[in-house]
Amino acid sequence: MNLHLKDKVVIVSGGAKGIGKAICIQLLEEQAIPVLLDKDEAAGKSFVKQFPRSHFISLDLTDPVACKKSIEKTEKKLGQINALVNNAGFNDGIGLAKGNPQKFVQSLNNSAGHYYFLAHYCLPFLKQSKGNIVNIASKVAITGQGNTSGYAAAKGAILSLTREWAVELLPFSIRVNAVLPAEVWTPLYESWIKSFPDPKEKKREIESKIPLENRMTSSEEIANMVVFLLSDRCSHVTGQWMSVDGGYVHLDRAI
Ligand code: NAP
(Lines give C-alpha, C1' and ligand atoms only; values in the text may rest on other atoms or scores of the structure.)
Protein backbone atom coordinates (compact mmCIF):
# COMPACT_ATOMS: atom_id res chain seq x y z
CA MET A 1 0.00 0.00 0.00
CA ASN A 2 1.41 3.39 -0.97
CA LEU A 3 1.08 5.68 2.06
CA HIS A 4 1.83 8.79 -0.02
CA LEU A 5 4.42 10.03 2.47
CA LYS A 6 7.21 10.55 -0.06
CA ASP A 7 9.15 13.78 0.67
CA LYS A 8 6.87 14.67 3.61
CA VAL A 9 8.78 16.39 6.41
CA VAL A 10 7.93 14.82 9.77
CA ILE A 11 9.17 16.12 13.13
CA VAL A 12 9.74 13.26 15.62
CA SER A 13 10.55 14.22 19.21
CA GLY A 14 12.74 11.67 20.97
CA GLY A 15 13.53 10.24 17.53
CA ALA A 16 17.07 9.09 18.31
CA LYS A 17 16.19 5.97 20.32
CA GLY A 18 13.49 3.42 21.09
CA ILE A 19 10.02 3.95 19.65
CA GLY A 20 10.93 7.32 18.08
CA LYS A 21 13.85 5.76 16.22
CA ALA A 22 11.59 2.97 14.90
CA ILE A 23 9.13 5.63 13.68
CA CYS A 24 11.95 7.48 11.87
CA ILE A 25 13.15 4.26 10.19
CA GLN A 26 9.62 3.46 9.08
CA LEU A 27 9.24 6.99 7.71
CA LEU A 28 12.46 6.56 5.74
CA GLU A 29 11.09 3.31 4.29
CA GLU A 30 8.14 5.39 3.06
CA GLN A 31 10.63 7.92 1.56
CA ALA A 32 9.55 10.63 3.99
CA ILE A 33 12.06 12.98 5.65
CA PRO A 34 12.23 12.53 9.45
CA VAL A 35 13.59 15.34 11.60
CA LEU A 36 14.78 13.98 14.94
CA LEU A 37 14.55 16.30 17.96
CA ASP A 38 16.45 14.68 20.82
CA LYS A 39 18.97 15.41 23.55
CA ASP A 40 21.03 12.27 22.92
CA GLU A 41 23.54 13.84 20.57
CA ALA A 42 25.59 10.71 19.94
CA ALA A 43 22.51 8.63 19.03
CA GLY A 44 21.05 11.43 16.85
CA LYS A 45 24.30 11.99 14.93
CA SER A 46 24.84 8.30 14.40
CA PHE A 47 21.29 7.97 13.00
CA VAL A 48 21.89 10.75 10.45
CA LYS A 49 25.21 9.18 9.49
CA GLN A 50 23.43 5.90 8.83
CA PHE A 51 20.43 7.56 7.12
CA PRO A 52 21.66 10.79 5.44
CA ARG A 53 18.14 11.65 4.24
CA SER A 54 17.18 12.35 7.87
CA HIS A 55 17.96 15.45 9.98
CA PHE A 56 18.85 15.81 13.64
CA ILE A 57 18.51 18.75 16.01
CA SER A 58 19.97 18.44 19.48
CA LEU A 59 17.91 20.14 22.19
CA ASP A 60 16.31 19.82 25.58
CA LEU A 61 12.60 19.69 24.82
CA THR A 62 11.70 21.15 28.21
CA ASP A 63 13.01 24.50 26.89
CA PRO A 64 10.20 26.19 24.89
CA VAL A 65 12.65 28.59 23.20
CA ALA A 66 14.73 25.65 21.96
CA CYS A 67 11.53 24.00 20.65
CA LYS A 68 10.57 27.18 18.77
CA LYS A 69 14.04 27.51 17.23
CA SER A 70 14.09 23.85 16.16
CA ILE A 71 10.79 24.19 14.30
CA GLU A 72 11.81 27.46 12.64
CA LYS A 73 15.16 25.97 11.62
CA THR A 74 13.43 22.93 10.10
CA GLU A 75 10.99 25.02 8.09
CA LYS A 76 13.77 27.31 6.87
CA LYS A 77 15.94 24.40 5.79
CA LEU A 78 13.31 22.05 4.34
CA GLY A 79 10.62 24.53 3.27
CA GLN A 80 7.67 22.72 4.87
CA ILE A 81 6.47 20.71 7.86
CA ASN A 82 3.88 18.02 7.06
CA ALA A 83 3.48 16.28 10.39
CA LEU A 84 4.49 16.19 14.04
CA VAL A 85 5.02 13.06 16.12
CA ASN A 86 5.16 13.99 19.80
CA ASN A 87 6.98 11.00 21.26
CA ALA A 88 9.61 11.88 23.87
CA GLY A 89 8.66 11.02 27.44
CA PHE A 90 10.18 9.68 30.62
CA ASN A 91 8.59 7.49 33.30
CA ASP A 92 10.40 9.14 36.20
CA GLY A 93 8.64 7.52 39.18
CA ILE A 94 7.52 10.72 40.88
CA GLY A 95 4.83 9.24 43.14
CA LEU A 96 2.41 10.67 45.65
CA ALA A 97 4.47 9.65 48.69
CA LYS A 98 7.81 9.42 46.87
CA GLY A 99 7.83 12.89 45.34
CA ASN A 100 7.15 16.56 46.06
CA PRO A 101 5.32 19.46 44.37
CA GLN A 102 8.41 20.70 42.52
CA LYS A 103 9.25 17.25 41.17
CA PHE A 104 5.62 16.70 40.14
CA VAL A 105 5.57 19.90 38.07
CA GLN A 106 8.97 19.05 36.59
CA SER A 107 7.66 15.62 35.66
CA LEU A 108 4.67 17.13 33.83
CA ASN A 109 7.10 19.33 31.96
CA ASN A 110 9.35 16.38 31.05
CA SER A 111 6.55 14.34 29.54
CA ALA A 112 3.75 16.70 28.45
CA GLY A 113 4.88 20.36 28.26
CA HIS A 114 6.85 19.95 25.04
CA TYR A 115 3.92 18.20 23.32
CA TYR A 116 2.16 21.57 23.56
CA PHE A 117 5.31 23.60 22.73
CA LEU A 118 6.00 21.67 19.51
CA ALA A 119 2.34 21.58 18.40
CA HIS A 120 2.06 25.33 19.07
CA TYR A 121 5.14 26.22 17.05
CA CYS A 122 4.38 23.73 14.24
CA LEU A 123 0.80 24.94 13.85
CA PRO A 124 1.29 27.71 11.24
CA PHE A 125 3.23 25.26 9.05
CA LEU A 126 0.75 22.42 9.58
CA LYS A 127 -2.03 24.77 8.50
CA GLN A 128 -0.13 25.47 5.27
CA SER A 129 0.49 21.78 4.57
CA LYS A 130 -2.83 20.43 5.94
CA GLY A 131 -0.61 18.25 8.05
CA ASN A 132 -1.39 16.15 11.08
CA ILE A 133 -0.23 15.21 14.57
CA VAL A 134 0.30 11.88 16.34
CA ASN A 135 0.85 11.95 20.12
CA ILE A 136 2.46 8.99 21.86
CA ALA A 137 0.67 8.46 25.18
CA SER A 138 0.78 5.35 27.40
CA LYS A 139 -1.52 2.72 28.87
CA VAL A 140 -0.57 4.25 32.25
CA ALA A 141 -3.06 7.05 31.46
CA ILE A 142 -5.85 4.44 31.47
CA THR A 143 -4.68 1.86 34.02
CA GLY A 144 -2.45 3.77 36.44
CA GLN A 145 0.82 2.19 37.50
CA GLY A 146 1.46 3.34 41.06
CA ASN A 147 4.27 5.61 42.22
CA THR A 148 4.36 7.66 39.04
CA SER A 149 1.89 10.55 39.51
CA GLY A 150 3.75 12.98 37.24
CA TYR A 151 4.10 10.59 34.30
CA ALA A 152 0.51 9.30 34.65
CA ALA A 153 -0.85 12.87 34.78
CA ALA A 154 1.25 13.85 31.76
CA LYS A 155 0.00 10.88 29.73
CA GLY A 156 -3.60 11.60 30.76
CA ALA A 157 -3.12 15.19 29.65
CA ILE A 158 -1.78 13.95 26.31
CA LEU A 159 -4.96 11.92 25.72
CA SER A 160 -7.09 14.96 26.56
CA LEU A 161 -5.02 17.24 24.36
CA THR A 162 -5.42 14.79 21.49
CA ARG A 163 -9.22 15.22 21.67
CA GLU A 164 -8.95 18.96 22.38
CA TRP A 165 -6.63 19.67 19.44
CA ALA A 166 -8.66 17.39 17.14
CA VAL A 167 -11.64 19.68 17.82
CA GLU A 168 -9.72 22.97 17.61
CA LEU A 169 -8.07 22.00 14.34
CA LEU A 170 -11.14 20.72 12.50
CA PRO A 171 -11.47 23.96 10.47
CA PHE A 172 -7.97 23.37 9.07
CA SER A 173 -8.45 19.64 8.30
CA ILE A 174 -5.56 18.88 10.64
CA ARG A 175 -6.08 15.43 12.17
CA VAL A 176 -4.80 14.62 15.67
CA ASN A 177 -4.56 11.08 17.04
CA ALA A 178 -2.82 9.25 19.88
CA VAL A 179 -1.10 5.88 20.12
CA LEU A 180 -0.96 4.08 23.48
CA PRO A 181 1.87 1.59 23.91
CA ALA A 182 1.90 -0.66 26.98
CA GLU A 183 5.03 -2.81 27.14
CA VAL A 184 7.69 -2.11 24.51
CA TRP A 185 11.34 -3.11 24.86
CA THR A 186 13.35 0.13 24.45
CA PRO A 187 16.36 1.72 26.21
CA LEU A 188 13.87 3.49 28.55
CA TYR A 189 12.08 0.23 29.33
CA GLU A 190 15.36 -1.59 29.92
CA SER A 191 16.51 0.97 32.50
CA TRP A 192 13.07 0.83 34.22
CA ILE A 193 13.05 -2.96 34.51
CA LYS A 194 16.58 -2.91 35.93
CA SER A 195 15.12 -1.10 38.97
CA PHE A 196 13.56 -4.45 40.08
CA PRO A 197 15.55 -6.91 42.20
CA ASP A 198 15.16 -9.67 39.55
CA PRO A 199 14.65 -7.96 36.16
CA LYS A 200 14.50 -11.23 34.17
CA GLU A 201 11.77 -12.65 36.40
CA LYS A 202 9.88 -9.32 36.25
CA LYS A 203 10.05 -9.37 32.44
CA ARG A 204 8.71 -12.95 32.34
CA GLU A 205 5.90 -11.99 34.74
CA ILE A 206 4.89 -8.98 32.61
CA GLU A 207 5.01 -10.92 29.34
CA SER A 208 2.83 -13.69 30.77
CA LYS A 209 0.05 -11.10 31.23
CA ILE A 210 0.11 -9.80 27.64
CA PRO A 211 -2.82 -11.62 25.99
CA LEU A 212 -1.62 -11.79 22.38
CA GLU A 213 1.34 -14.19 22.17
CA ASN A 214 2.60 -13.43 25.69
CA ARG A 215 5.22 -11.05 24.37
CA MET A 216 6.02 -7.38 24.34
CA THR A 217 5.01 -5.12 21.50
CA SER A 218 7.95 -4.25 19.27
CA SER A 219 8.89 -0.64 18.53
CA GLU A 220 8.25 -1.44 14.87
CA GLU A 221 4.65 -2.44 15.65
CA ILE A 222 4.09 0.94 17.31
CA ALA A 223 5.79 2.68 14.37
CA ASN A 224 3.53 0.87 11.86
CA MET A 225 0.44 2.35 13.52
CA VAL A 226 1.98 5.83 13.80
CA VAL A 227 2.99 5.96 10.15
CA PHE A 228 -0.41 4.64 9.06
CA LEU A 229 -2.13 7.39 11.11
CA LEU A 230 0.17 10.00 9.56
CA SER A 231 -0.80 8.88 6.07
CA ASP A 232 -3.76 9.98 3.98
CA ARG A 233 -4.97 6.36 4.19
CA CYS A 234 -6.34 7.56 7.54
CA SER A 235 -7.83 10.71 6.07
CA HIS A 236 -11.07 10.48 8.09
CA VAL A 237 -9.57 9.40 11.43
CA THR A 238 -9.17 12.08 14.09
CA GLY A 239 -9.32 12.36 17.89
CA GLN A 240 -8.65 8.62 18.29
CA TRP A 241 -6.70 6.79 21.00
CA MET A 242 -5.20 3.67 19.44
CA SER A 243 -3.94 0.98 21.81
CA VAL A 244 -1.17 -1.09 20.23
CA ASP A 245 -0.53 -3.51 23.05
CA GLY A 246 -1.53 -7.10 22.23
CA GLY A 247 -4.82 -6.64 24.09
CA TYR A 248 -3.09 -5.69 27.36
CA VAL A 249 -5.51 -2.95 28.39
CA HIS A 250 -8.83 -4.00 26.91
CA LEU A 251 -9.14 -7.80 26.97
CA ASP A 252 -10.66 -9.89 29.75
CA ARG A 253 -8.29 -10.48 32.69
CA ALA A 254 -9.63 -14.00 33.14
CA ILE A 255 -8.16 -15.30 29.88
P1 NAP B 1 13.49 6.07 25.13
O2 NAP B 1 14.01 4.70 24.79
O3 NAP B 1 14.02 6.72 26.36
O4 NAP B 1 13.72 7.06 23.91
C5 NAP B 1 13.27 8.38 24.02
C6 NAP B 1 14.28 9.37 23.48
O7 NAP B 1 13.77 10.70 23.81
C8 NAP B 1 15.67 9.27 24.12
O9 NAP B 1 16.67 9.45 23.14
C10 NAP B 1 15.66 10.43 25.13
O11 NAP B 1 16.95 10.93 25.39
C12 NAP B 1 14.81 11.46 24.40
N13 NAP B 1 14.26 12.46 25.32
C14 NAP B 1 13.51 12.23 26.43
N15 NAP B 1 13.23 13.40 27.06
C16 NAP B 1 13.81 14.38 26.31
C17 NAP B 1 13.89 15.79 26.44
N18 NAP B 1 13.36 16.45 27.47
N19 NAP B 1 14.57 16.49 25.50
C20 NAP B 1 15.13 15.86 24.44
N21 NAP B 1 15.11 14.52 24.28
C22 NAP B 1 14.44 13.78 25.21
O23 NAP B 1 11.88 6.00 25.27
P24 NAP B 1 10.79 5.00 24.62
O25 NAP B 1 10.61 3.84 25.51
O26 NAP B 1 11.09 4.81 23.17
O27 NAP B 1 9.49 5.89 24.80
C28 NAP B 1 8.98 6.74 23.78
C29 NAP B 1 7.58 7.18 24.18
O30 NAP B 1 6.74 6.02 24.34
C31 NAP B 1 7.53 7.94 25.52
O32 NAP B 1 6.61 8.98 25.45
C33 NAP B 1 7.04 6.88 26.49
O34 NAP B 1 6.37 7.44 27.58
C35 NAP B 1 6.09 6.09 25.60
N36 NAP B 1 5.83 4.74 26.10
C37 NAP B 1 6.77 3.79 26.10
C38 NAP B 1 6.48 2.53 26.60
C39 NAP B 1 7.50 1.42 26.60
O40 NAP B 1 7.14 0.30 27.01
N41 NAP B 1 8.72 1.65 26.16
C42 NAP B 1 5.20 2.24 27.12
C43 NAP B 1 4.26 3.25 27.10
C44 NAP B 1 4.57 4.50 26.59
P45 NAP B 1 17.75 10.39 26.70
O46 NAP B 1 17.85 8.90 26.58
O47 NAP B 1 19.05 11.10 26.63
O48 NAP B 1 16.90 10.79 27.88
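Guide: First, a definition. Axes are lines fitted to C-alpha atoms, for helices over the stretch in contact, and angles run from 0 to 180 degrees between N-to-C directions. Helices are DSSP runs (H or I, at least four residues), numbered from the N terminus. The model is predicted: local features need pLDDT of at least 70, side-chain atom pairs count only at pLDDT 80 or more, and totals for chains, interfaces and linings use all residues. Residues are numbered from 1 along each chain as its sequence is written, and side-chain values use heavy atoms, without hydrogens and water.

Visitor: Why are helix 4 and helix 6 called roughly parallel?

Guide: Their angle is about 20°, with the axes 7 Å apart. Angles under 35 degrees count as roughly parallel, over 145 as roughly antiparallel, 65 to 115 as roughly perpendicular and the rest as oblique. Helix 4 and helix 6 are therefore roughly parallel.

Visitor: What makes up the contact between helix 4 and helix 6?

Guide: Contact means heavy atoms within 4.5 Å. Among the residues that meet are Phe104 and Tyr115 of helix 4, and Tyr151 and Trp165 of helix 6. By class, the contact has eleven nonpolar, four polar and one charged residues. Ala, Val, Leu, Ile, Met, Phe, Trp, Tyr, Cys and Pro count as nonpolar, Asp, Glu, Lys and Arg as charged, and the others, Gly among them, as polar.

Visitor: Why are helix 3 and helix 4 described as roughly parallel?

Guide: Helix 3 (residues 64-78) and helix 4 (residues 101-129) cross at roughly 30°, and their axes come within 9 Å. By that angle, they are therefore roughly parallel to each other.

Visitor: What makes helix 1 oblique to helix 9?

Guide: Helix 1 (residues 18-29) and helix 9 (residues 219-230) pack at about 55°, with axes 8 Å apart. That angle makes helix 1 oblique to helix 9. Their contact includes Ile19 and Leu27 of helix 1, and Ile222 and Leu230 of helix 9. It has nine nonpolar, four polar and one charged residues.

Visitor: Which residues come nearest to the ligand?

Guide: Of the 28 residues around the ligand, Lys17, Lys39, Asn87, Tyr151 and Thr186 come nearest. Near means that a heavy atom of the residue lies within 4 Å.

How values were computed
Helices (H or I, at least four residues) and strands (E, at least two) are DSSP runs, numbered from the N terminus.
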